[in-house]
Amino acid sequence: MSGVAGLATALSPNYWIYLVLRWITGVACGGVGLSSFVLATEPVGPSRRGAVGMSAFYFFSLGIMVLPSLAYVSSYSWRHLYIFTSIPTLVYCVLVLPFVSESPRWYIVQGRMEDAMKALRVFARRNGKFIPRGVELASELGDGENSPKAVAKIAENQDGDTVPLSVDHSQDFSSIDSSPAGGTKASGSLLDIFRYAETRLRMIVMAVVWFSCAVVYYGISLNVVNIGVSLYLSVFLNAIAEMPAFAITAFLLGKLGRKVMLAGSMLLSGGCCLIATFLITTPSPSPAPLPNSLFLGNWAAVPYMNMLHSDASSAPLHNAKEIGRLVCGVVGIFGMAATYNLTYLYTAELFPTVVRNAALGLASQASQLGAVVAPLVVVLGRMNPSISFAVFAVSAITGGLLSLKLPETLNKPLWDTFEGLKSEEQRHEHEILS
């Protein structure tokens, strides 16, 4: 959808067709982003899930870094830009997608246990690993040996041997039988998230966190872009600035946990925005009208006006505030970049497989709403720049404090059904009481 709609956009004869095609592209890209993240993290065990989840965003930022180059090359025609950005999606569908497996967890919740086992055996072959003979996957919906506690049963053969799998890449995922095989099918919907007490609070908190994160992230980013630097350079530098946030978050994620990292990064960003509200320099009143030639724009002339009408004693204080506000903005973006990517991983771990995509979709919608509000907050700041930073501070601090209500998911299994999640919650409560 994304590739075809993008190429069609380049041929748009009028604005209304262009608008419809861009809407289709947006719907398609939103689905790709959520599904690809879920597909990347679901087959990974708890000890490596954080690293894999955060690593995915390096490639996202790399794409943002490449985008200005494509835009610069095609600056003489916007139609060419849509062609250049659509071709990679079509190449992916032809050269990469045939080698991508369906999530084994999705097979399990669909009751296709044999297909899930086949996918896992392909993983083992490609990794050159050993897999015991007689392994059976168990569903969380089963009874007895197939209870939620029995994630897998390993049956040895008569000699107690395990059979190594040869490194053979010949069996592709396209050979996996699509027919259902031996299991109970589980289902879930967005309404189920609010029907179960275990997930209702999680969804509400994460929606607020995603909304707050988007308001601050896009708001601060827009303020940075508006300093008058080249648009191409600004987009490129913003993508580079996110890289350290990913690396540090990935390093600390396995040590401090999801909840501490999420709350800490949001409170760090909110604290910096709060400090920035007190570092706004108010223009001094002019003793005499200034020549029209000094007015370079609504705000471009303000620093120049301050320089003309500030005495020597106030100049150092003014410069210190400007530097301090710049530092606060950079640290604020740093914290929100870490938060934005962590929310994907945390949300995926908080909800079972049957509704994981739906939960991420709803949270993403909250984020998009925040992205709509962010420019309005920036425009509101034209009356008083302190207002924008105050709104950013309240949003980030509120999201950070609310995130403390979420359970920790570090080194916890990804549950496939509501029943498995509920069983885990009850076991956790029993441990606390005992």
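Colleague: Which residues of α10 are buried?
Modeller: Those are R258, M261, L262, A263, S265, M266, S269, G270, C272, C273, A276 and T277. Buried means under 20% relative accessible area with a 1.4 Å probe, counting protein chains only. Keep in mind that this is a predicted model, where local features need pLDDT of at least 70, side-chain atom pairs count only at pLDDT 80 or more, and totals for chains, interfaces and linings use all residues. Residues are numbered from 1 along each chain as its sequence is written, and side-chain values use heavy atoms, with hydrogens and water left out.

Colleague: And how many residues does α10 have?
Modeller: Helix α10 has 20, residues 258-277. From first C-alpha to last it reaches 29 Å, close to the 28 Å expected at 1.5 Å a residue (1.5 Å times one less than the number of residues). Helices here are DSSP runs of H or I, at least four residues, and strands are runs of E, at least two, numbered from the N terminus.

Colleague: What about the whole chain, how much of it is buried?
Modeller: Of its 434 residues, 38% count as buried. The chain has 15 helices and two strands.

Colleague: Switching topic: at what angle do α2 and α3 pack?
Modeller: About 150 degrees, with their axes 9 Å apart; the axes are lines fitted to C-alpha atoms over the stretch in contact, and angles run from 0 to 180 degrees between N-to-C directions. α2 and α3 are therefore roughly antiparallel, a term for angles over 145 degrees.

Colleague: Which residues make the contact?
Modeller: F37, A40 and T41 of α2 meet R49, V52, G53 and F57 of α3, with contact meaning heavy atoms within 4.5 Å.

Key. Buried < 20%, exposed > 50% of the residue type's maximum accessible area, 1.4 Å probe, protein only. Parallel < 35°, antiparallel > 145°, perpendicular 65-115°, else oblique.
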